[in-house]
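Please open the model in your viewer and keep the sequence beside it, and then follow the stops below in order.

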Amino acid sequence: MSTSRASGGDEITAITVVGLGYVGVVVAASLAAAGRRVIGVDRRADVVASLDAGRAPIPEPDLQARIDRARALGTLRATTSLAEAVAASGASLVCVGTPLGDDGKLDESDLIAACEAVASAVPASREHVIVIRSTVSPGTYGRVAARLDAARVSLALNPEFLREGSAVRDLEQPELVVYATEHEAAARFVEALYREQRERLHRTDPATAELLKLVNNAWHALKVGFANEVARVAAPAGVDPFAVMALLCKDTKLNASAAYLRPGLPFGGACLTKDVASLSAHAARHGVEAPLIGAILSSNRAHLDHLVEAVLAHEPRQTAIIGVGFKPGAADVRDSAPVKLVRELLDRGVHVTVADSAVLDARVPPLGLEALRQALGDPRAQAAPSVAHAVRGADVVVVGHPSRADRDALVALRPRVPILDAGGELTRTLSETERALLSPVVLINH
Ligand SMILES: NC(=O)c1ccc[n+]([C@@H]2O[C@H](COP(=O)([O-])OP(=O)(O)OC[C@H]3O[C@@H](n4cnc5c(N)ncnc54)[C@H](O)[C@@H]3O)[C@@H](O)[C@H]2O)c1
């Protein structure tokens, strides 16, 4: 957040922070220490009294220093009266709790109540920005917006990624700030709030912002669960799990990096399936529970099923599949998802033709046409000599992992049938002109 006052037309006199739990109190103190006038609101009188008296209600590094600075500046006060705070401010950051309910969903009743209470406290002649900082489930932005008077209240989402224990530092030096809104007044306010972090600030749509926060935490939880499973499977082998994970993290190209984190086709190839299966078998042999590792192959299978269903939804009689290597740029068809797709479609009575110039050009086993024939394992699957041959007569074209030459050939052919971009590889490389010339390109992971 901005460490100095916003300026010019984006200045909003005071900011209300609703909910003075972990997030709210850190947000309020940090903004106030940076010179913004902040009014903290909570229904818990003890928390309000503590903050108003200048005492940090929670132990958190640097928090007391921020509160002390804010008091010296005279920029921070707290109250239990939401109406009074809203009347004295131009924007509210809503940081109330959204705990897990008995039904397994987030209980957003406090959040909705708080947003409604803010909206109804806005004086008749004034406008107000509400920024939801709490973690919410997909669809909440729309549900809250529908209850507000859009003419006077602009709604934005700005999920918080701070961690307890380093909350002040995380808030003031964020790696990533995301917001979403359908109101330009709210956009201007958020942009001004993060003026000093603008290179880390990303605007997106509300559903993406909502889901991102949940996916973000699921990713962290998955990493913890995975590292712990590694410890359990390492023990019977007499291996030090700390050494394994420390070495794994030394590879910042493939391991601790963005590699493999883009959605696409199921994985395959000569190694991943077999080695995951082997690790899982090792765990089973020693009676070690390793449900995450055990679920990797079934997750991969579920993705293939999803792909098959997405193709079948187009009710094809004849499908052309372009690019059947197991990954982008690979002429190797071992354990390849596009090849599995061919078999699944054949089993459901769809006629399939396959084109892959990289596979056809490869001569050395286990590559080449013979390898493809063997992998397909079914004489009904036709390996066509070119993309043009494969596409002829097809009522659906599926793009797998195409070589550049095959991708260009497909675009030049401009088949007048739906093109299903299974892994997103075509969509990523299409120019605006190419996109306009092609029939609808359907991204399967969408
Ligand atoms: N704690 C974290 O580390 C963390 C990090 C990132 C995001 N979040 C998310 O931020 C949100 C807040 O988390 P938290 O840990 O600060 O919650 P919390 O439960 O500690 O505090 C929420 C506060 O809101 C107050 N409150 C609730 N309804 C109110 C209302 N209508 N008016 C006034 N006060 C009201 C409560 O009294 C409480 O003090 C949650 O959605 C959480 O998932 C938490």
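**Stops on the tour**

Begin by selecting α1 (22-33) and α5 (109-121), each of which supplies at least two residues of the shell around the ligand; helices here are DSSP runs of H or I with at least four residues, strands are runs of E with at least two, and both are numbered from the N terminus. Residues are numbered from 1 along each chain as its sequence is written. This is a predicted model, in which local features need pLDDT of at least 70 and side-chain atom pairs count only at pLDDT 80 or more, while totals for chains, interfaces and linings use all residues.

Stay with the ligand: α5 gives the most to its shell, with four residues. Of the 27 residues around the ligand, select Gly 19, Gly 21, Gly 97, Ser 134 and Thr 135, which come nearest; a residue counts as near if its C-beta atom, placed from the backbone, lies within 6 Å.

Next, show the strands, eight of which form an open sheet with mixed pairing, in the order β3-β2-β1-β4-β5-β6-β7-β8; two strands pair if DSSP finds at least two bridges between them. At the edges you will find β3 (76-79) and β8 (201-204), each pairing on one side only. Then select β5 (residues 128-132) and β6 (residues 153-157), which pair in the parallel sense over five bridges, and look for Ile 132, which stands opposite Leu 157 in β6.

Finally, select α12 and α13, where Leu 304, Leu 307, Val 308 and Val 311 in α12 meet Ala 337, Lys 340, Leu 341, Glu 344 and Leu 345 in α13, contact meaning that C-beta atoms, placed from the backbone, lie within 7 Å.

How values were computed:
Contact = placed C-beta atoms within 7 Å.
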